[in-house]
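Here is a friendly note to read alongside the model. Please keep the structure open and look up each residue as you go.

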Amino acid sequence: MKKVLQIALGVVAALGGFVDIGELVFNSQAGAEFGYQLLWTVPIGVVGIATYAEMCGRVATITKRPVFDVVRQRLGFGPGLVTLIASEAINILTVAAEVGGIALILQLYFADIPFRVLLLIGAAAIVFLVWILPYDGIERIFGYGGLCLAVYIVAAVHLHPDWGDVASGFIPHWQTGENTLIYWYFAVGVIASAMVPYEVYFYSSGAVEEGWDESEGDLAVNRMNALFGFALGGVFSVALIVVAAILFHPLQISPEFLGTTALGAQITFGETGLLLAFLGMMFAVGGAAIEGSFAGAYAFAQFLGWEWGKSKKARKTKKAPAFTSAWMFLFVLAFIIDFTGANPVLITEYSVVLAVVALPLTYLPVLLIARDERYMGEHVNGRLADTLGVFYLVLLTVVSLVALPLLFATNHGSG
Amino acid sequence: MSAVGTQVNLGLRLLDDQLLDSDEHRCGRVDDIQLKGSPGSRTEVSALLVGPGSWTGRLRKPAAYLVEGLAPDYMHLIPWSEVTRIGTSVRLSHTAKELGLETNEGRNVQWVGSPPRGTMRVSELLRSRLVTSSGTELGRVWDVRAERQTELPDEHVNEAWRVTGLITGRRGWEERIGLSSEGDPAQGELFMPWDSVLELADGIVRVTDPGAR
């Protein structure tokens, strides 16, 4: 029973980690711009992140090595440093996008208060919560809170889509015509927003922090978390696309603000829908801000071999000052970026697309060690994990080559 | 799992690994490995180098210059005798404080510059090209192979680890990143025996011509 509860909590946490401002922005815009046509990209992203999250969790359980430990050990100092710098740049942008997103959501409640004041309040609240809450508390509170976004799943069903059209959206197809580049930009965006690297940094470090052990049955917990947590996250993504396709696509409205995305729930369920959407967004975006900042601090400390962690042990021994300083420093940098007046939605698009460039460097060492019998023993990759791992590595390499040209050629999707 | 055998590729199995002190606290990474000896003659692992002063040796120009300008110019030297276990991390026999890892003073601190006389660093070898005495290029050095006597995987790890050769060629790169297994030493382009090494200078490891061996 305890194990079932642990799996359920893990699934919720994985779900909370999956849905962030990137999902909200890219999925809503993809649905508004192309109807159901880009639904096929959701399972591609979900299977990709589930594959690598499972691998990272398994490597962490067996070898006690989180992702950046593996990056440094397999790539060496030079390429590892390049990966670290790229990852930290993306993490800073991600946290800036999420913190800015919190302020945007607060602005929808408190329109009279200046954006910069809300920014300060949002960032301070998040730092305070991180300071006082234990690791699992953070994971669960924001995971549970993010479940309010289920209002989109209910809304998608309630809006009675043509299920035949929805199903046909899952069949990959080649888009031609004047919107071709924009179509591919959003295809890359939806896949990339599902596979952003901070999710696996956080996930694998959490596995080491919580002391996952194969003898305790934690490999099964890892597999369930990766499979069901991210699959449920995929259902949220599909719901966002379906709602935007029904409500915004016919009217040619592009949801460039989070408030527009929230309208999808309000039009369907009135004030209650709006409130649930706002709450869900707040928790999802807040959780992602914490995960992003932690991921940056984990990467930094693990690369240099310094003590890290938010666990009771790390707090008790007070041996992780660099780790603590790093995540606070990331928050400060993110706050400064937002304070300059940069648009958080635009930052989101840049952070997601730039993240694609760092993905192959992050996932290659994970794949190498997961298929290395000397380290993994009998828990080495099976044929399915190996095939999927190689497939996604090739796919991400191709996507990383086209991501930036698409970003600039389409003027970040606005044509 | 992850136990080291008697034939060890130092780049793959030791360099960049996590260091744990005797209290199980993380206290840095194996940023470089100091070897005692000279090209072609008996050479053994003598210490682990930890800290920013050793980073420049791991990078190519101009990144090395940049890091040299930004990072502190000292590193810690952990005598090989301090290593008690090598597995998924490298375990030390004393605390970080006792080893002086929390300060930049003491006998275990080494300043940036050329390695002390009679020593070399694994990073020097890994940056180098293999060239025969007649000038034939044999490729880049991807890893350094060492040998120890004990069969027991996790015990006596701090016994003498003697350098036996250099790994080069395409398979060498595959071995370095762990794509293929560390093979048995074999003559040829993949494995260059240490006793055929003549000198190490300016990023070039000069070895005897194959016909002269």
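1. By class, the lining of the largest cavity has five nonpolar, five polar and two charged residues. Here Ala, Val, Leu, Ile, Met, Phe, Trp, Tyr, Cys and Pro count as nonpolar, Asp, Glu, Lys and Arg as charged, and the others, Gly among them, as polar. A cavity is a set of points on a 1 Å grid over the protein atoms alone where a 1.4 Å probe fits but cannot get out, and lining residues have an atom within 4 Å of a point.

2. A word on the model itself: it is predicted, local features need pLDDT of at least 70, side-chain atom pairs count only at pLDDT 80 or more, and totals for chains, interfaces and linings use all residues. Residues are numbered from 1 along each chain as its sequence is written, chains are lettered from A and ligands numbered from 1 in the order in which they are written, and side-chain values use heavy atoms, with hydrogens and water left out.

3. How much space lies in the largest cavity? About 60 Å³, taken as the space filled by probe spheres set on the points, which are joined across faces, edges and corners. Among the residues that line this cavity are A:Asp20, A:Thr94, A:Ser193 and A:Val352. Helices α2 (21–34), α5 (77–109) and α16 (344–370) of chain A each give two or more residues to the lining; helices (H or I, at least four residues) and strands (E, at least two) are DSSP runs, numbered from the N terminus. The structure holds five cavities of 30 Å³ or more.

4. Now turn to where the chains meet. In chain B, 29 residues are in contact (heavy atoms within 4.5 Å) with 30 residues of chain A. The buried area, which is the accessible area (1.4 Å probe) that two parts lose on being put together, summed over both, is about 2500 Å² here, and carbon and sulfur atoms give 48% of it.

5. Five salt bridges are counted between chain B and chain A, each being a side-chain nitrogen of Lys or Arg within 4 Å of a carboxyl oxygen of Asp or Glu. One joins A:Arg72 to B:Asp16, with the closest N and O atoms 2.6 Å apart.

6. Over all chains, the whole structure has 18 salt bridges. In one of them, A:Glu54 meets A:Arg223 at 4.0 Å, N to O. Because A:Glu54 lies in helix α3 (residues 41–63) of chain A and A:Arg223 in helix α12 (residues 218–247) of chain A, this pair ties together parts that are 169 residues apart in sequence.

7. Finally, look at the backbone. The peptide bond from B:Lys61 to B:Pro62 is cis, with omega near 0°, and B:Pro62 lies in the loop between β5 (44–50) and α2 (63–70) of chain B. A:His160, a residue other than glycine, has a positive phi, near 50°.

Terms used. 1 Å grid on protein atoms, 1.4 Å probe; cavity = no way out; pocket = protein on both sides within 12 Å on 5 of 7 lines; lining within 4 Å.
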